[in-house]
Amino acid sequence: MSFVNLNDNNLQKRLSREFRFKVYCIMAMTFALGFVLFLFTSIFSTGYSAFYKTMIPIEISLSSVVSDSNSFALMTNEEINDLSIYSLSKKNIYNLFPNITDRKEKKEILKIFSYEFEDEIKNFLKDNKENINDINIIYLTASDDIDQLHKGNFPRDIPEKRRRLSDLQLSFYDELILENKIETEFNFPFFTRGDSREPELAGIGGALAGSFFTIIVVLILSLPFGLLAAIYLQEFAPQNKFTDFIEININNLAAVPSIVFGLLGLGILLNTFGMPRSTALVGGVTLSLMTLPTIIIATRAALRAVPPSIREAALAVGATRMQAVMHHVVPVAMPGSLTGAIIGIAQALGETAPLLLIGMVAFVVDVPSTPVDPSASLPVQIYLWAESAERGFVEKTSATIMMLLGLLIILNLTAVIIRRKFETKW
Amino acid sequence: MNETKIITNNVNVYYGEKQALHNVSMNMQANEVTALIGPSGCGKSTFIRCLNRMNDVIDTCKVEGTITIDGYDIYSKETSVEKLRERVGMVFQKPNPFPKSIYENVAYGPKIHGIANNKNELDEIVENSLKQAAIFDEVKDRLHEPGTALSGGQQQRLCIARAISVNPDIILMDEPCSALDPIATARIEELMEELKKDYTIVIVTHSMQQAARVSTKTGFFHMGNLVEVDKTEVIFSNPSNKKTQDYITGRFG
Ligand SMILES: Nc1ncnc2c1ncn2[C@@H]1O[C@H](COP(=O)(O)OP(=O)(O)OP(=O)(O)O)[C@@H](O)[C@H]1O
Ligand SMILES: [Mg+2]
């Protein structure tokens with residue numbers, strides 16, 4: 001007998017089979033990785049431009065509204081809001097292109113700005129009450145079309161009829177570029193503002209707050225109930241038909257399509273209990289039903305993995321069953337259980353279908369400040385914007401997906417860290 | 001002879017339909033080591049687990065007959081299993097320290113029973129228990145390191161320290177040396193010699209030599225029956241039952 005029999009047919013067959021298997025595995029992995037990479041690049045390349053916005057500085061003189069520019073320091077915010085500066089603002093904007101005199105053409109000048117310019121000017125006055133001069137430079141948000149043109153998302157070399165920007169507006173843009181009057185800045189309002197019909201003004205602040213409140217409700221409801229139910233079922237409940245029945249149903253619950261939970265929320269929470277529509281509270285309660293079985297199943301698995309010898313050790317020194325479970329079993333199971341909870345929360349964060357049914361799909365301009373205010377959520381915001389045709393919403397859709405993915409990645413990383421850090425080492 | 005500590009009378013144990021022990025009646029004396037021997041699956045663990053009611057944990061397990069400790073029926077309605085287990089400690093076949101510090105392992109029992117009034121008393125109990133279990137010198141500098149990081153033999157002595165930390169009367173040991181090397185085994189046997197001055201010890205073992213070395217009395221189990229129980233010398237030199245004879249001479253088991 002020899003250990004170097006290279007002509008052993010059987011061995012060679014086994015080895016080449018192993019080699020082929022490895023090749024298949026690597027191919028599968030590359031395919032999966034390539035797919036993820038493709039997805040991320042395509043989202044990132046359309047979405048990143050939403051994180052900055054185009055601004056145009058204009059000079060505004062306020063002498064026609066107040067005789068002394070220092071008087072703003074004495075005005076309250078309400079008083080500034082009540083000022084009528086619309087026509088003054090328009091006049092100052094027209095001054096950007098002094099040689100345009102035609103009324104119709106003047107209107108075109110206004111169109112290169114976001115229609116909320118009056119509010120932006122008032123906000124500037126409110127923020128800088130103490131330092132208002134006779135002539136002030138104020139940066140105004142450019143309209144979505146100019147914004148997209150500047151970001152290079154609109155082709156210019158097509159006939160005027162098929163463009164959203166007229167030849168005149170393009171010439172305004174070129175002139176501003178020459179005068180160095182087109183600037184970009186970080187799109188901070190994107191994170192704080194609610195939804196809007198105008199892409200340049202729309203933000204995910206409302207969706208973020210809605211998702212936040214929804215998740216808080218989900219946590220408050222599903223974490224304690226899930227943990228207690230799992231601990232009871234795994235550690236205390238007698239093994240009988242009834243507990244088997246409960247177990248099967250919890251597993252079934254985890255497999256129910258999410259839209260069914262939406263119907264349940266609609267039928268019971270909204271119609272029977274009359275809870276407020278479109279709110280994070282109802283969304284959270286509905287999603288809790290989905291998260292609950294995930295948490296229960298993960299926690300039970302974690303508890304089951306704790307060696308029974310630990311329970312016996314505690315019981316044998318005279319601990320009650322509850323002491324054995326709470327002092328020794330649960331701490332060991334906690335990392336696994338929390339990991340499950342975080343995965344459940346991540347699912348809830350990305351869930352859309354049930355929220356559509358309970359009305360969290362409404363167009364909400366105001367950022368919700370409590371869980372009972374009407375609100376959207378991140379995935380629903382994506383759904384809403386993905387339906388809009390404007391190029392500005394296309395980039396915002398991708399940017400929102402980036403935010404959502406970022407949050408999910410953070411959640412999953414937390415789960416990994418918890419597991420690594422707190423797992424009991426035997 | 002010492003006073004009788006444990007009396008079992010016609011104990012029958014069932015796992016569901018299956019009967020694991022048949023009419024076991026046996027006495028165990030205070031301050032003695034009683035050894036239980038027999039082939040695998042004959043019911044030694046089942047029997048020893050009746051003595052601190054660890055079988056209560058198993059849903060399907062049913063115990064009949066009477067078991068008294070100091071004349072008190074431990075299966076009576078008024079018995080609290082927690083109090084019983086405080087007085088009847090147990091050491092398992094596989095060392096099973098809690099995944100906590102060495103100190104926590106030993107302090108846990110006294111803590112839940114409220115035995116120590118303050119931190120100093122607790123420290124003292126931990127130290128004494130570790131000393132009695134002959135492991136103190138090895139771990140005194142790392143009391144706050146995890147108990148699970150010790151070697152197998154050290155872990156088993158830690159478990160013994162944990163069992164004696166609540167000051168029991170009786171210590172049950174189910175094959176405490178089966179996972180240990182001869183040196184660690186010898187240390188634990190020495191320890192038993194020491195411990196029996198203060199405690200009543202019941203030990204299950206697969207090693208005939210160990211039974212012969214440490215015990216005063218030996219019981220031989222076979223297929224759920226207590227075949228013979230007598231002074232250890234008698235069992236090993238002059239057993240009255242043919243099966244015992246065959247087992248100790250290695251003809252089966
Ligand atoms: N939890 C249980 N459920 C059902 N049957 C059991 C259970 N534990 C033990 N048995 C059965 O009871 C009988 C006695 O088991 P026991 O564990 O007492 O044997 P043992 O003498 O300790 O054996 P070993 O020396 O191998 O540890 C065996 O037939 C075993 O299959
Ligand atoms: Mg056994």
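In this predicted model, Arg197(A) sits over the face of Phe363(A), 3.7 Å from the ring centre. Chain B has a charge over a ring too: there, Lys131(B) lies over the face of Phe136(B), with 5.2 Å to the ring centre.

As for solvent, Phe117(A) is buried, at 4% relative accessible area, whereas Tyr86(A) comes out at 38% and so counts as partly exposed.

Phe186(A) and Phe191(A) make up another stacked pair, with 5.9 Å between centres and planes 15° apart. Here Phe186(A) is partly exposed, at 48% relative accessibility, and Phe191(A) is partly exposed as well, at 22%; the cut-off for buried is under 20%, so a value of 22% falls in the partly exposed class. These two rings also belong to an aromatic cluster, together with Phe51(A) and Phe190(A).

Turning to a helix, α10 of chain A runs over residues 241-255, 15 residues in total. From first C-alpha to last, α10(A) reaches 21 Å, close to the 21 Å expected at 1.5 Å a residue. The N-terminal end of α10(A) is capped by Asn240(A), which places a side-chain oxygen 3.1 Å from the backbone nitrogen of Phe242(A).

How values were computed
Residues are numbered from 1 along each chain as its sequence is written. Chains are lettered from A and ligands numbered from 1 in the order in which they are written. This is a predicted model: local features need pLDDT of at least 70, side-chain atom pairs count only at pLDDT 80 or more; totals for chains, interfaces and linings use all residues. Side-chain values use heavy atoms; hydrogens and water are left out. Helices (H or I, at least four residues) and strands (E, at least two) are DSSP runs, numbered from the N terminus. The expected span of a helix is 1.5 Å times one less than its number of residues. A polar contact is a pair of N or O atoms within 3.5 Å; within protein, one must be able to donate a hydrogen and the other to accept it, and residues adjacent in sequence count only if both atoms are side-chain atoms. Buried means under 20% relative accessible area, exposed over 50%, partly exposed in between (1.4 Å probe, protein chains only). Rings of Phe, Tyr and Trp (its six-membered ring) pair if their centres lie within 6.5 Å; planes under 30 degrees apart count as stacked, over 60 as edge-to-face and the rest as tilted. A charge sits over a ring if NZ of Lys or CZ of Arg is within 6 Å of the ring centre and within 35 degrees of the ring normal.
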